Amino acid sequence: MRKELSDACQKLKIPVGEPNQNLYNGSFTIEGGNFNCAGIVSTSIKSILQKLGIPGDLVRKAAIVSYEAEINVVSYAKKAVVNLMVVPGSVNIEVIDEGPGIPNIELAMQEGWSTADQRIREMGFGAGMGLCNIKNYSDEFHISSEIGKGTHLKMIIQTP
Amino acid sequence: MKIEDLVQALQLEVKCGKDYLNREVTGGYTGDLLSDVMGNAREGYIWITRQVHQNIVAVASLKELAGIILINSCQPAPDTLEKAEAEKIPVMVSGLPAFEISGQIYNLLTLAG
C-alpha cells in the first residue's frame, strides 16, 4: 500500500512523507501594496518551522526566501497565496501571485535590476537583490511568470 | 561583547528593548538596503542603518540580528518601536554618521576578540 502510494506520489511529484512524522501543509495570503503588514507571513512560516524542529540555519534560509518573496508581492502584485509544505527531507514554499507578471525573467534575476518606484526605494526595498537572495538561499528555485496574470515561485530547502 | 557594552562605550540612546541588552553581538553590518542586509548580515550582528520604518524590525527579527542602531540621530517611527518591542529587538540611536559608528563598533568588537 505504502509502495503504491509512493509510486502515485512520484507520478504526481508530491513529496512522500513518513506517516508518523510531523509534517505541515498550510496556506497564507499576502495583500499587495500593504507595507505595514510586510513580513507577517514570513514570520509565521519561521515560527511554524521552529516548532517543527527544523534546524536554525535552515529556518533562517526559509525566512529569507519567504520574506523576499513576500516583499515582491507587496511591492508589485495585487495579492498572493503562499503554500508551505514541510515533508521529511525538505521545506517547500510556493508563492503564487496575481500581478503584472515579469516580462523578462533573465533580466529580473540579474542583481541590481529593479522596476521599483521611488516610494519603494525610499524604504530600502527595490535594490534588485530580492530574487538573487531567493535563489542563493534556496536549494532549488523555480520561477515562471505570465504577463498580466502573475508570477509563480517555488523554493525548496533541503532538511536533514 | 554585549549590546549593553556598545551602549555604554558609544553613548547610544536606547529607544526600546531594554530587557534584551545582554544579548551577545557577534559582528556588525551597515546598510540601508533591506535585501542587502537580508542577504549578507548574519545572526547576532548589530545592524547600523538610517532606515526608521517598521520593516527594519521584520528584517532584524527574521535574520535574528542582535539589534538595530540608527545613525545621525534618526528617530524610529512610533510603529517601529511598537513592533520592535513585540519582536524583542533593541533599537538604539547614535548621533554619529554610519561611517564613524561602524568604525568604532568594528574597533570595539575586534579589540574584544
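B:Leu12 sits in the loop between helix H1 (3-10) and strand S1 (13-16) of chain B. Helices (H or I, at least four residues) and strands (E, at least two) are DSSP runs, numbered from the N terminus. B:Leu12 counts as buried because it has 23 C-beta neighbours inside 10 Å. A buried residue has 20 or more other C-beta atoms within 10 Å of its own, an exposed one 12 or fewer, and a partly exposed one a count in between, with C-beta atoms placed from the backbone. Beyond its neighbours within four places in sequence, B:Leu12 is in contact with B:Leu6, B:Val7, B:Ile69, B:Met92, B:Val93 and B:Ser94. Contact requires C-beta atoms, placed from the backbone, to lie within 7 Å. B:Val91 is 79 residues from B:Leu12 in sequence, yet the two are 9.6 Å apart, C-alpha to C-alpha.

The model is predicted; local features need pLDDT of at least 70, side-chain atom pairs count only at pLDDT 80 or more, and totals for chains, interfaces and linings use all residues. Residues are numbered from 1 along each chain as its sequence is written, while chains are lettered from A and ligands numbered from 1 in the order in which they are written. Chain B averages a pLDDT of 97, and 99% of its residues score at least 70. pLDDT is the predictor's confidence in each residue, from 0 to 100. For the complex, the predictor gives an ipTM of 0.92 and a pTM of 0.89.

B:Gln51 counts as buried because 25 C-beta neighbours lie inside 10 Å. Setting aside residues up to four places away in sequence, B:Gln51 touches A:Gly124, B:Asp32 and B:Ile56. Its C-alpha atom is separated by 8.8 Å from that of B:Gly31, 20 residues away along the chain.

Chain A has six helices and five strands. Their order from the N terminus is α-β-α-α-β-β-α-α-α-β-β. Of its 160 residues, 34% count as buried. Among contacts in chain A with a separation of 6 or more, 64% join residues 24 or more positions apart.

The contact between the chains takes 20 residues from chain A and 17 residues from chain B. On the chain A side, helix H2 (40-51), H3 and helix H6 (130-137) each give two or more residues. H3(A) gives the most, with five residues. This side divides into nine nonpolar, eight polar and three charged residues. Ala, Val, Leu, Ile, Met, Phe, Trp, Tyr, Cys and Pro count as nonpolar, Asp, Glu, Lys and Arg as charged, and the others, Gly among them, as polar.

Helix H3 (residues 56-76) of chain A packs with helix H3 (residues 55-63) of chain B; their axes come within 9 Å and cross at roughly 155°. H3(A) is therefore roughly antiparallel to H3(B), a label for angles over 145 degrees. A:Arg60, A:Ala63, A:Ile64 and A:Tyr67 meet B:Ala58, B:Leu62 and B:Lys63.

In H6(A), the buried residues are A:Gly130, A:Leu131, A:Asn133, A:Ile134 and A:Tyr137. They lie on the same side of H6(A), because they cover an arc of only 160° around the axis. These residues pack against H3, helix H4 (105-108), strand S4 (140-146) and strand S5 (150-158) of chain A, together with helix H2 (34-40) of chain B.

Definitions and conventions. Axes fitted to C-alpha atoms, helices over the stretch in contact; angles between N-to-C directions. Parallel < 35°, antiparallel > 145°, perpendicular 65-115°, else oblique. Contact = placed C-beta atoms within 7 Å. Arc of directions from axis to C-beta.
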